[in-house]
Amino acid sequence: MTTATGVQLRERLANVEQRIEEACKAVGRDSESVTLITVTKFHPASLVRELAELGVRDVGENRHQEAQSKSAELADVDVRWHFIGQLQTKKARQAARYAHSIHSIDRIRLVEALRTAEVETPIDAFLQVNLTEDPARGGVPPKELEPLAESVLDCDTLRLRGVMAVAPLDEDPRPAFERLADYSARVQKLDPSANAISAGMSHDFREALEFGATHLRIGSAITGNRPDPK
Ligand SMILES: *Cc1c(COP(=O)(O)O)cnc(C)c1O
């Protein structure tokens, strides 16, 4: 890569990969068990192409329309699209066309909408859990976790992978990630193979790795500051 931004991108990616490696070592985990999802929201499709040239295979998007148009534009690029944002029920079947994974399964109605989606292979499904008392923060309330998990297990177009959460901004992320590990254990009682934990962003992925995160969603530490959303 010859452009200045290309060099920076490569350096930031290498730096994050190095820090993941070190954080895994520090807690006795194998970094092979961790999937790095590079969050590319608000950035142009060309950035995803550059990332793919640097070896990135997993990218995250949080808005359906944007993800849909980028994935169409990049049909020739070998990346897996992870949908990580709030998903409207009426857009669910469309998202199923490009999404390899949906990390924001937070209600049974969404599962019902995905049940009739046309998929070649089942979509990897993560149950987003609300780690706060504030319903506006998104995610299923923990007390409704089991019925939601059961609905995914009963849905042929989805494959239950585990749980997902965003740590609250105004507290130490550790206790929040510890709660998430408990919720993960509850889901694994229903399906032992649903052992994935999607947690950890640019500022808290080390803490997430301490508490068992298997899927990190890292944006700005790799891409630099995001442009304003359009
Ligand atoms: C934007 C976003 C991220 C990445 O955030 P950074 O702080 O840029 O690493 C991760 N998860 C979700 C759900 C997001 O919306």
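Modeller: The conversation below goes through a strand, the ligand site and several individual residues.

Biologist: What kind of model is this?

Modeller: This is a predicted model.

Biologist: Which residues cover each side of strand 5?

Modeller: On one side are Ile 123, Ala 125 and Leu 127, and on the other are Asp 124, Phe 126 and Gln 128; all of these are buried, and both faces of the strand are covered. In general, the side chains of a regular strand alternate between the two faces of the sheet.

Biologist: How many bridges join strand 4 to strand 5?

Modeller: Strand 4, residues 99-105, is joined to strand 5 by 3 bridges, and the two run parallel. Within this pairing, Ile 102 has Ala 125 of strand 5 as its bridge partner.

Biologist: And what do strand 4 and strand 5 make with helix 5?

Modeller: Together with helix 5 (residues 108-115), they make a right-handed β-α-β unit.

Biologist: How many bridges are there between strand 5 and strand 6?

Modeller: There are 6 bridges between strand 5 and strand 6 (residues 158-164), and these strands also run parallel. The chain passes from strand 5 to strand 6 through helix 6, residues 145-153, in a right-handed β-α-β crossover. Phe 126 has Gly 162 in strand 6 as its bridge partner.

Biologist: Changing topic, which residues are around the ligand?

Modeller: They are Val 39, Lys 41, Ile 84, Met 164, Met 201, Ser 202, Arg 217, Ile 218, Gly 219, Ser 220 and Arg 226.

Biologist: What are the distances from the ligand to the side chains of Lys 41, Ser 202 and Arg 226?

Modeller: For Lys 41, a side-chain N or O atom is 2.7 Å from an oxygen atom of the ligand. For Ser 202, a polar side-chain atom lies 2.5 Å from a ligand oxygen atom. For Arg 226, a side-chain N or O atom is 2.8 Å from an oxygen atom of the ligand.

Biologist: How much of the ligand's accessible area does the protein cover?

Modeller: On its own the ligand has 390 Å² of accessible area, and the protein covers 89% of it.

Biologist: What about the cysteines: how many disulfides are there?

Modeller: The count is 0 disulfides. Cys 24 counts as buried, at 1% relative accessibility, and Cys 155 counts as buried at 3%.

Biologist: I also noted His 215. Where is it, and is it buried or exposed?

Modeller: His 215 is in strand 8, residues 215-218. Its relative accessibility is 8%, and since buried means under 20%, His 215 counts as buried. Its side chain makes a polar contact of 2.8 Å with the side chain of Thr 214.

Biologist: Where is Tyr 183?

Modeller: Tyr 183 belongs to helix 7, residues 173-190. With a relative accessible area of 12%, Tyr 183 is buried. Tyr 183 and Lys 70 are 113 residues apart along the chain, and their C-alpha atoms are separated by 33 Å.

Biologist: Last one: where does Asn 15 lie?

Modeller: Asn 15 lies in helix 1, residues 4-26. Asn 15 is partly exposed, with a relative accessible area of 40%. From Asn 15 to Leu 148 the C-alpha to C-alpha distance is 37 Å, and the two are 133 residues apart in sequence.

Notes: Residues are numbered from 1 along each chain as its sequence is written. This is a predicted model: local features need pLDDT of at least 70, side-chain atom pairs count only at pLDDT 80 or more; totals for chains, interfaces and linings use all residues. Side-chain values use heavy atoms; hydrogens and water are left out. Buried means under 20% relative accessible area, exposed over 50%, partly exposed in between (1.4 Å probe, protein chains only). Helices (H or I, at least four residues) and strands (E, at least two) are DSSP runs, numbered from the N terminus. Two strands pair if DSSP finds at least two bridges between them. A crossover is right-handed if, with the strands pointing away from the viewer, the path from the first strand over the helix to the second runs clockwise. A disulfide is a pair of cysteine sulfur atoms within 2.5 Å. A residue is near a molecule or strand if one of its heavy atoms lies within 4 Å of it. A polar contact is a pair of N or O atoms within 3.5 Å; within protein, one must be able to donate a hydrogen and the other to accept it, and residues adjacent in sequence count only if both atoms are side-chain atoms. Accessible areas come from the Shrake-Rupley method with a 1.4 Å probe; for residues, only the protein chains shown count as cover.
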